Every structure is written in C-alpha cells, then in structure tokens.
Amino acid sequence: MRVTILYFAAARERAGTNSDTVELSEGATAADALAAACARHPALQAVAQKLRLAVDQEFTGADRKLRDGSEIALIPPVSGGAGPHRIGPGPIDPEAPLRAVAGPDCGAVVNFVGTVRESNQGKRVVRLEYEAYPEMAMRIFDHIAAHARERWMARVAIHHRTGALEPGEISVAIAAAAPHRADAFDACRHAIEALKKDAPIWKRELYPDGSSWVGLGS
C-alpha cells in the first residue's frame, strides 16, 4: 500500500524534504512508516525517539495500523480558520479572541497574550520563526475548547502566529469566558498549557551566532 509521510520543522530539515510517498506492506503500522522514513533519510534516526506520530491528523501510538492512502506526520516536540480560532502569518489583534468569546451569559473574560522575548537562557534572541501543521493545529484548538466547555462551562478562542517574529511581537493570544472568574482563569491557563504540549507548532530561536529548534535543541 502507498502512504504519505509529512515532515515538519527539524524533521523536515533532517529529511531535506517536506514529504515522501512510500510503499509499505499490508498491515504496516505507524512505526513501520517511521522506520521507512529513517531508512530513506538516515539523519532522522538521531531524533526518531523524540518524534510524535500522527496518522490522518490525529496523534497515535506507534502500533496504529495504516491503510492505503494514510497520511503520517512526524511531529517534533512542539513549543497552533474556522470558528473562533486562527493560525497564520498575519499579525494578531489581541482584542479579537475577546470579541469571539464575550457574551452576556459570562461574568468573566480572561485574556492571555504571549510575546517574543529578546533573550532566552542567556542568549540574545534576534527573532523567532514559527512553523505549524495548520490543519492538525486547528483540530487541537477545537479539542482544547471542547474540554474547557465540559469542565468549566467556558468558551475559548485561540489565535497563533506563524512565520518570522521580532522581539516584542505577539505570537499567541487566548481568551476564555465563563460565568465565574475562577473558571475563566482555569480555562485560559489550561488552553495555553495544552497548546504548548500538543499543538503541532514549532519555534526556532535565532541568535547572533546560530539557531535552535525549541524543545529539540537542533
């Protein structure tokens, strides 16, 4: 069967390509696809154990069975359209997520704005470069918002930048609205922490003497 393997961020750099189409045996798993990718691009082997696997835009285990036409994404450690969420290269209006969630049924609205800082771990940051798997990121945003609705009766909107950003620019804005302030705070905190853990968005820090993919160190 024929499947497509997608490479992002540091994985793309090591593979030297955005994608491959490979032939695998019937009954092959996501682990077999990763092995095929490493065989085709040996430089991937050094980071293979740090990569998460996604099949057809959903995170999965290595034993996930594949079908003809499956799309397997190799997801390096992450640093995020339709509905209230946005991801793309355009500047972020920090008020936009607030407008997306505010309403007379909610007594509290909490806003989080993340900006690019000019230094990290003693190094001067010249700029950040954000890269994303947008379709899957939007699914993750939806999952985060669904969890907030179920646990805190909160509405959540997430807006994230991609591309090159200078120190001081807004990289992410999140708003959470809920009937009570404690729930709004909790939902907003959950959203940023879950985004950092699961959304397929990567950032490369550029310094005067080099660069590094945050989370992978390469």
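## Helix packing and buried sites in a predicted model

In this predicted model, Ala9 is placed in helix H1, which spans residues 9-15. Ala9 has a positive phi of about 50° although this residue is not a glycine. With a relative accessible area of 0%, Ala9 is buried. Gln121 sits in the loop that runs between strand E8 (119-120) and strand E9 (123-124). Its relative accessible area is 78%, over the 50% cut-off, so Gln121 counts as exposed.

**The loop between E5 and E6**

Ala9 is also one of the residues touched by Pro76. Pro76 belongs to the loop between E5 and E6 and counts as buried, at 2% relative accessibility. Leaving out residues up to four places away in sequence, Pro76 touches Phe8, Ala9, Ala10, Ala11, Leu51 and Trp202. The C-alpha atom of Pro76 is separated by 8.9 Å from that of Leu53, with the two residues 23 apart along the chain.

His85 is found in the loop between strand E5 (71-75) and strand E6 (86-88). Is His85 buried or exposed? At 1% relative accessibility, below the 20% limit, His85 counts as buried. The side chain of His85 makes a polar contact with the side chain of Asp142, at 3.5 Å. The His85 side chain also reaches the backbone nitrogen of Ile158, at 3.1 Å. Beyond residues up to four places away in sequence, His85 touches Met138, Phe141, Asp142, Ala145, Val156, Ala157, Ile158 and His159.

**Strand E2 and Asp20**

Asp20 has its place in strand E2, residues 19-23. Asp20 counts as buried because its relative accessibility is 12%, under the 20% limit. Which side chain makes a polar contact with the side chain of Asp20? The partner is the side chain of Tyr7, at 2.7 Å. Tyr7 is also among the residues that Asp20 touches, together with Val3, Thr4, Ile5, Arg40 and His41, when residues up to four places away in sequence are not counted. The C-alpha atoms of Asp20 and Ile72 are separated by 9.9 Å, and these residues are 52 apart along the chain.

**Helix H2**

Helix H2 covers residues 30-40, and its buried residues are Ala30, Ala33, Leu34, Ala37 and Cys38. These residues cover an arc of only 135° around the axis, which puts them on the same side of H2. The buried residues of H2 pack against strand E1 (2-7), strand E3 (52-55) and E5. Ala35 also lies in helix H2. With a relative accessible area of 44%, Ala35 is partly exposed. The C-alpha atoms of Ala35 and Lys65 are 14 Å apart, and 30 residues separate the two along the chain.

**The H4 and H5 pair**

Two packed helices are described by the angle between their axes and the distance between the axes. Helix H4 takes in residues 134-152 and helix H5 residues 181-198; their axes come within 10 Å and cross at roughly 150°. Angles over 145 degrees count as roughly antiparallel, so H4 and H5 are roughly antiparallel to each other. The crossing of H4 and H5 is right-handed.

On the H4 side, the residues that meet H5 are Ile140, Phe141, Ile144, His147, Ala148 and Trp152. On the H5 side, the residues are Asp183, Asp186, Ala187, His190, Ala191, Ala194, Leu195 and Asp198. Phe141 is also among the residues touched by His85.

Ala187 lies in helix H5 and is buried, with a relative accessible area of 0%. Apart from neighbours within four places in sequence, Ala187 is in contact with Ala148, Trp152, Ala154, Val156 and Ala176. Val156 is touched by His85 as well. The C-alpha atoms of Ala187 and Ala145, 42 residues apart along the chain, are separated by 8.6 Å.

**C-alpha separations**

The pairs named above are listed here.

| Residue pair | Separation along the chain | C-alpha separation |
|---|---|---|
| Pro76 and Leu53 | 23 residues | 8.9 Å |
| Asp20 and Ile72 | 52 residues | 9.9 Å |
| Ala35 and Lys65 | 30 residues | 14 Å |
| Ala187 and Ala145 | 42 residues | 8.6 Å |

Note on methods: Residues numbered from 1 in each chain as written. Predicted model: local features only at pLDDT ≥ 70, side-chain atom pairs only at ≥ 80, totals over all residues. Heavy atoms only, no water. Helix = DSSP H or I, 4+ residues; strand = E, 2+ residues; numbered from the N terminus. Buried < 20%, exposed > 50% of the residue type's maximum accessible area, 1.4 Å probe, protein only. Polar contact = N/O pair within 3.5 Å; in protein donor to acceptor, adjacent residues only side chain to side chain. Contact = heavy atoms within 4.5 Å. Arc of directions from axis to C-beta. Axes fitted to C-alpha atoms, helices over the stretch in contact; angles between N-to-C directions. Parallel < 35°, antiparallel > 145°, perpendicular 65-115°, else oblique. Left-handed = near helix turned anticlockwise from the far one by under 90°.
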